[in-house]
Amino acid sequence: MDEEAITIRLTRDQAFVLSDWLYQVMFRSDDLEGIVHDRAVWSPIYAISGTLDKTLSEIFIRGYGPQLEAAKERLRANLYGEADQSTAPADDETAHHKRTR
């Protein structure tokens with residue numbers, strides 16, 4: 001099998017939001033096994049998460065929660081043509097959480 005690397009291009013907002021979601025699923029909810037049943041899929045998930053962590057300074061900034069919410073709103077507006085309400089209930093701890101790994 002050829003092990004040639006694949007490049008995935010994301011905007012900073014996409015990368016920031018995906019990074020936060022991966023962090024929530026992998027390290028906060030302890031539900032990765034419930035979401036991803038095949039452990040072989042974990043390898044690329046960890047690779048993507050690690051790459052995002054090394055690339056994004058946003059995950060370590062003050063005002064993490066408001067910056068994350070602003071990125072989500074921009075993505076919703078781009079996707080749906082206007083600002084949209086979140087599909088998940090607000091999590092005050094997440095909104096004010098500054099990641100440290």
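The crossing of α1 and α3 is left-handed. To see this, select helix α1, residues 12–28, together with helix α3, residues 42–55. Please bear in mind throughout that the model is predicted.

**First stop: α1 against α3**

Two packed helices are described by the angle between their axes and the distance between the axes. For α1 and α3, the axes come within 10 Å and cross at roughly 125°. The two helices are therefore oblique to each other, since angles over 145 degrees would be needed for roughly antiparallel and 65 to 115 for roughly perpendicular.

Next, display the side chains where these helices touch. On α1, select R12, A15, L18, S19, L22 and M26. On α3, select I45, Y46, I48, S49, L52, D53 and T55. What classes of residue make up the contact of α1 with α3? Colouring by class shows 8 nonpolar, 3 polar and 2 charged residues.

**Second stop: the whole chain**

How many helices and how many strands does the chain have? There are 5 helices and 0 strands, and along the sequence the elements follow the pattern α-α-α-α-α.

With the entire chain in view, consider its contacts between residues at least 6 apart in sequence: 69% of them join residues at least 24 apart. The chain exposes about 7500 Å², of which carbon and sulfur atoms supply 54%. Of the 101 residues, 29% count as buried.

The axes of α1 and α4 come within 9 Å and cross at roughly 120°. That angle makes α1 oblique to α4. The crossing of this pair is left-handed.

Display the side chains of the contact. From α1, select D13, Q14, F16, V17 and D20; from α4, select Y64, Q67, L68, A71, K72, R74 and L75. These residues divide into 6 nonpolar, 2 polar and 4 charged.

Begin with D13, which lies in helix α1. Is D13 buried or exposed? Its relative accessibility is 19%, so D13 counts as buried, the cut-off being under 20%. Which residues touch D13, apart from its neighbours within four places in sequence? The partners to select are A71, R74 and L75.

Move on to Q14, also to be found in helix α1. Q14 is partly exposed, because its relative accessible area is 33%. Draw a line from the C-alpha atom of Q14 to that of R74: the two residues are 60 apart along the chain, and these atoms are separated by 9.6 Å.

Draw another C-alpha to C-alpha line, from E69 to V17: its length is 8.7 Å, while 52 residues separate the pair in sequence.

To end the tour, show α1, α3 and α4 together. In this view, α1 is oblique to α3 and oblique to α4.

Key: Residues are numbered from 1 along each chain as its sequence is written. This is a predicted model: local features need pLDDT of at least 70, side-chain atom pairs count only at pLDDT 80 or more; totals for chains, interfaces and linings use all residues. Side-chain values use heavy atoms; hydrogens and water are left out. Axes are lines fitted to C-alpha atoms, for helices over the stretch in contact, and angles run from 0 to 180 degrees between N-to-C directions. Helices (H or I, at least four residues) and strands (E, at least two) are DSSP runs, numbered from the N terminus. Angles under 35 degrees count as roughly parallel, over 145 as roughly antiparallel, 65 to 115 as roughly perpendicular and the rest as oblique. A crossing is left-handed if the near helix is turned anticlockwise from the far one by less than a right angle, and right-handed if clockwise. Contact means heavy atoms within 4.5 Å. Ala, Val, Leu, Ile, Met, Phe, Trp, Tyr, Cys and Pro count as nonpolar, Asp, Glu, Lys and Arg as charged, and the others, Gly among them, as polar. Buried means under 20% relative accessible area, exposed over 50%, partly exposed in between (1.4 Å probe, protein chains only). Accessible areas come from the Shrake-Rupley method with a 1.4 Å probe; for residues, only the protein chains shown count as cover.
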